[in-house]
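Here are some notes to read beside the structure. Please keep the sequence and the 3D view open while going through the points.

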Amino acid sequence: MIGLNAGDRVNRYVVIKELGEGGMQKVYLALDTILNRHVALKTPKNKSASKRFHRSAVLSSKVNHPNVAKTLDYFTVEDREFLTEEFIDGMDLDQALLNTYTSIDPYLAAKIFHNLSKALSASHHVGVIHRDLKPSNIMVVGGISATSVKITDFGISKMAGDEIDGAAKEGEASITSSQTAMGALPYMAPEIIQSQMQVSKPSDIWALGAMMFRILTGQYPFGTGYMAIPQILSGKHVDYPDFIRTNMQFGPLAKELINIIEQCLILNPAKRPTADKLVSLCGDLCYPESTRYEGIISAVRIQYGFITINQQPDVFFHYDSVYGTKPHMSDKVILSKYIGGGSWRAHPVIKAK
């Protein structure tokens with residue numbers, strides 16, 4: 001299908017620029033000329049994607065929650081489908097966090113887990129199953145601070161499952177050549193791989209658990225690509241890195257998160273917690289919400305050092321506050337900071353990629 005250009009008018013919407021595209025749809029920033037607000041204007045990339053586009057609009061419009069991108073409108077112009085969604089001034093989870101952090105500390109991970117659980121709870125209450133939870137379908141506002149997270153692309157995600165199902169029948173080459181299949185596989189529940197007809201609410205729970213495993217550890221639990229399939233079907237994921245449990249600054253909360261993740265990754269769908277149960281479990285976690293900054297290690301001693309953040313006073317840090325890989329002189333880091341005696345104190349400190 002022909003793409004849209006800045007200035008093109010589609011119904012009441014004027015295209016400002018292209019925001020990006022996925023395996024099945026293009027996304028544009030547009031102006032709603034009646035309500036004078038920015039919206040995300042989405043349209044399928046081909047006729048195959050068009051088959052599910054209306055379904056996406058119907059399903060997502062049922063869900064009303066702060067952690068779910070709100071569908072605003074659906075219409076056709078010259079047999080081409082469009083839907084508009086609230087414009088989220090942010091990036092997807094990969095772009096905002098996973099491509100920047102080496103691994104995300106338990107404090108921020110707990111916040112993300114809690115908010116995504118609430119989004120799933122709201123969708124499951126109205127009978128909507130996402131089917132394709134993955135970082136590209138999670139929008140993050142606030143960059144490395146992740147002040148808000150929202151699930152997007154309900155309904156249209158069913159196409160990812162269809163594509164994987166078809167690709168699996170054709171073999172590894174077909175799967176690995178499919179952007180949609182490759183992006184979805186690491187988070188796909190075993191019952192979906194076995195049969196598309198077995199998709200249910202617990203499938204979303206598995207996907208959330210697999211995604212949280214990657215967020216907390218920086219690793220895909222079952223690997224990527226075609227070779228992830230046997231690992232998913234066996235339920236045997238890679239080991240958690242030692243640093244998650246051994247540092248007493250992070251160990252207690254990390255262990256609680258691991259316990260919840262493991263419940264999500266139970267092979268038997270009936271034994272996984274519901275989204276409501278996840279909300280309850282995550283609600284019992286104790287985690288701070290704080291602004292994150294990017295800085296550079298500017299001085300290092302044996303057990304501590306200092307971090308420079310632009311033109312601000314240097315921030316003191318102790319290596320006990322480092323989560324994951326130990327940073328060295330001149331390394332880029334991500335941190336939160338708090339008022340301390342003499343200098344601001346950094347906690348946590350995470351080495352950036």
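How many bridges join strand E8 to strand E9, and do they run parallel or antiparallel? The first point takes this up; note before reading that the model is predicted.

1. The E8–E9 pair. Strand E8 covers residues 138–141 and strand E9 covers residues 148–151. Four bridges join the two strands, and they run antiparallel. One of the facing pairs is Ile-138 with Ile-151 in E9. Together E8 and E9 make a hairpin, with six residues between them. In the turn, Gly-142 has a positive phi of about 95°.

2. The chain as a whole. The protein chain contains twelve helices and 15 strands. Of its 353 residues, 52% are buried. Among contacts with a separation of 6 or more, 63% are between residues 24 or more positions apart. The chain exposes about 15400 Å², and carbon and sulfur atoms supply 50% of that area.

3. Strands of a sheet pair through backbone hydrogen bonds, either parallel or antiparallel. Here an open sheet of six strands has antiparallel pairing, in the order E1-E2-E3-E4-E6-E5. Strand E1 (9–10) and strand E5 (71–77) stand at the edges, and each has a single partner strand, so one side of each lacks a neighbour in the sheet.

4. As an example to find in the view, the bridge partner of Asp-73 in E6 is Thr-84.

5. Helix H12. Which residues of helix H12 are buried? In this helix, residues 275–283, they are Ala-275, Leu-278, Leu-281 and Cys-282. Seen down the axis of H12, the buried residues fall within an arc of 115°, so they line one face of the helix. An α-helix has 3.6 residues a turn, so residues three or four places apart point the same way. The cover over the buried residues of H12 includes helix H3 (106–125), helix H8 (201–217) and helix H11 (251–264).

6. Ser-121. This residue is found in helix H3. Is Ser-121 buried or exposed? Its relative accessible area is 10%, and buried means under 20%, so Ser-121 counts as buried. Leaving aside residues up to four places away in sequence, Ser-121 touches Ala-275, Asp-276 and Val-279. Of these, Ala-275 is one of the buried residues of H12.

7. Ile-129. This residue lies in the loop between H3 and E8. At 17% relative accessibility, Ile-129 also counts as buried. With residues up to four places away in sequence not counted, Ile-129 touches Val-199, Ser-200, Lys-201 and Asp-204. Ser-60 is 69 residues apart from Ile-129 along the chain, and their C-alpha atoms are separated by 9.7 Å.

8. Cavities. How many cavities of 30 Å³ or more does a search of the whole structure find? There are four. The largest cavity has a volume of about 50 Å³. Its lining includes Arg-131, Asp-132 and Leu-133, as well as Tyr-187, Met-188 and Ile-192. Ser-203 and Ala-207 also line the largest cavity.

Terms used. Residues are numbered from 1 along each chain as its sequence is written. This is a predicted model: local features need pLDDT of at least 70, side-chain atom pairs count only at pLDDT 80 or more; totals for chains, interfaces and linings use all residues. Side-chain values use heavy atoms; hydrogens and water are left out. Two strands pair if DSSP finds at least two bridges between them. Buried means under 20% relative accessible area, exposed over 50%, partly exposed in between (1.4 Å probe, protein chains only). Contact means heavy atoms within 4.5 Å. Accessible areas come from the Shrake-Rupley method with a 1.4 Å probe; for residues, only the protein chains shown count as cover. The arc is that of the directions from the helix axis to the C-beta atoms. On a 1 Å grid over the protein atoms alone, a cavity is a set of points where a 1.4 Å probe fits but cannot get out, and a pocket is an open set with protein on both sides within 12 Å along at least five of seven lines; lining residues have an atom within 4 Å of a point. Grid points are joined across faces, edges and corners, and a volume is the space filled by probe spheres set on the points.
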